Amino acid sequence: MRGVPLCLLLSLQVWSVPIERDGSPQEVQPPLEDKQEENMDTGLYYDRYLREVIEVLETDPHFREKLQTANTEDIKNGRLSKELDLVGHHVRTRLDELKRQEVSRLRMLLKAKLDSTNTQSVQMDHVSLLKQFEHLDPHNQNTFEAKDLELLIATATKDLENYDAERHEEFKRYEMLKEHERREYLKSLDQEKREKEERRMEQMREKHRQHPKVNAPGSIDQFREVWEETDGLDPEEFNPKTFFKLHDTNGDGLLDEQELEALFTKELEKVYNMGNEEDDMVEMEEERLRMREHVMNNVDLNHDRLISLEEFLRSTERKEFNSPKEWQMLDDTKPVYTEAELQRFEAELQEKEAELGRRAETLRQEQELLKERGKALEAQRKEYQQEMALRQKIKEEGEQKFQQKKQKTSGENNQEVKVPGKQDEEIQSSLPAEPPQNQPLHTS
Ligand SMILES: [Ca+2]
Ligand SMILES: [Ca+2]
């Protein structure tokens with residue numbers, strides 16, 4: 001999952017769509033691997049929608065032409081979106097369909113979110129709920145209009161710009177959690193063990209710090225090493241233009257963020273090894289991001305998140321390229337958080353834990369109550385069974401006596417004998433008519 005500039009995404013799409021040339025459809029292949037598509041996930045939650053919209057737009061010859069000649073400014077100021085009015089009818093129909101699918105997907109997302117937060121009682125007002133998704137126009141849920149394209153482009157551009165900042169923030173939280181857990185672990189040990197663990201941890205840190213010199217990203221030393229070791233070329237013959245072309249892997253004449261980040265692998269492998277306990281691969285990816293940002297800041301003069309050959313060549317003429325400052329790795333600098341931030345983070349964690357504890361306690365009490373109720377019901381059931389057994393016994397005895405009496409009477413004068421009711425009635429009235437329910441217990 002990686003941030004990808006939108007204009008790059010737009011231009012990349014060109015390679016995957018069949019185009020008409022001399023009346024015969026032709027498939028234009030990407031110059032190198034055709035796995036670009038897979039690698040180009042923007043990491044946005046509406047990535048698929050974004051891609052499909054662009055793919056459909058690319059099938060329209062007019063829009064396709066506009067897309068190829070549009071510059072970043074045209075895309076940002078909405079001039080490109082206006083071209084939507086001129087695309088063919090079947091393209092519009094397909095876009096409408098994509099939008100309806102996206103709206104329906106977002107509705108499902110909303111429903112799942114509401115279900116999980118137990119707020120289903122809230123009346124679902126879809127238009128206002130859909131407003132929280134900025135990449136489409138919620139007021140018109142059936143057709144795809146210029147407004148939708150404008151919003152999609154503007155949101156994707158903004159989200160991609162914030163992407164790095166969010167990743168840094170995520171990394172900071174990761175590091176604070178790691179430190180928090182380390183401290184808690186040490187606290188749980190007795191003094192002797194704690195000191196031993198602290199020594200071991202310090203040795204690990206020391207081991208991690210031992211590595212060959214890391215070249216400053218974007219410097220001649222760094223590129224030369226890639227040139228020699230990855231490309232297998234003579235370092236004496238280093239040529240910036242050839243180097244640029246070699247590493248523009250999709251051959252679009254630009255170095256994008258991924259192509260640039262790939263150049264740092266050699267440096268990062270000097271410091272991080274997946275098999276080592278002391279090397280944290282999450283930190284390695286943060287380091288890669290820092291390196292890319294450093295180079296982009298210095299080289300990408302028009303801030304389109306892409307390096308053109310011209311920008312690249314200009315950077316090689318600068319002093320920093322030939323005699324760069326020493327590169328400070330993440331571990332060479334202070335932690336990415338301050339002690340105060342860590343304390344706030346720990347307080348937040350504690351609050352969350354307390355909340356979980358409270359919920360667990362409520363559940364425990366409810367379970368206890370249910371158990372008690374179960375016991376009471378069981379006792380009532382037993383009492384009822386006993387009483388029924390008693391009732392049965394009395395009835396049987398009554399019948400026995402009656403039979404004896406009947407035999408006796410019929411032996412004397414064969415007279416019809418009435419069922420002796422009084423005694424039975426007394427017995428009946430001493431028994432409960434129904435099983436006792438929710439009555440106070442009075443078992444002995
Ligand atoms: Ca490229
Ligand atoms: Ca640029």
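**Exercise 1. At what angle do helix H12 and helix H16 pack, and which residues meet?**

Step 1. Find the two helices: H12 covers residues 240-247 and H16 covers residues 309-316. Helices here are DSSP runs of H or I with at least four residues, strands are runs of E with at least two, and both are numbered from the N terminus. This is a predicted model, in which local features need pLDDT of at least 70 and side-chain atom pairs count only at pLDDT 80 or more, while totals for chains, interfaces and linings use all residues. Residues are numbered from 1 along each chain as its sequence is written, with chains lettered from A and ligands numbered from 1 in the order in which they are written.

Step 2. Describe the packing. Two packed helices are described by the angle between their axes and the distance between the axes. For H12 and H16 the angle is about 135 degrees, and the axes are 10 Å apart. Axes are lines fitted to C-alpha atoms, for helices over the stretch in contact, and angles run from 0 to 180 degrees between N-to-C directions.

Step 3. Name the arrangement. That angle makes H12 oblique to H16. Angles under 35 degrees count as roughly parallel, over 145 as roughly antiparallel, 65 to 115 as roughly perpendicular and the rest as oblique. The crossing is right-handed; a crossing is right-handed if the near helix is turned clockwise from the far one by less than a right angle, and left-handed if anticlockwise.

Step 4. List the partners. H12 brings Pro240, Lys241 and Phe244, and these meet Leu309, Phe312, Leu313 and Thr316 of H16. Contact requires C-beta atoms, placed from the backbone, to lie within 7 Å. By class there are five nonpolar, one polar and one charged residues. Ala, Val, Leu, Ile, Met, Phe, Trp, Tyr, Cys and Pro count as nonpolar, Asp, Glu, Lys and Arg as charged, and the others, Gly among them, as polar.

**Exercise 2. Is Thr242 buried, exposed or partly exposed?**

Step 1. Thr242 is found in helix H12.

Step 2. Count its neighbours: Thr242 has 13 C-beta neighbours inside 10 Å, so it counts as partly exposed. A residue is buried with 20 or more other C-beta atoms within 10 Å of its own, exposed with 12 or fewer, and partly exposed in between.

Step 3. Look along the chain: Trp227 is 15 residues away in sequence, and its C-alpha is 9.8 Å from that of Thr242.

**Exercise 3. Are His303 and Arg305 buried or exposed?**

Step 1. His303 is found in the loop between H15 and strand S4 (307-308), and Arg305 is found in the loop between H15 and S4.

Step 2. His303 has 11 C-beta neighbours inside 10 Å and therefore counts as exposed. Arg305 has 23 such neighbours and therefore counts as buried.

Step 3. Check the backbone: although not a glycine, His303 has a positive phi of about 55 degrees. Arg305, also not a glycine, has a positive phi of about 65 degrees.

Notes:
Contact = placed C-beta atoms within 7 Å.
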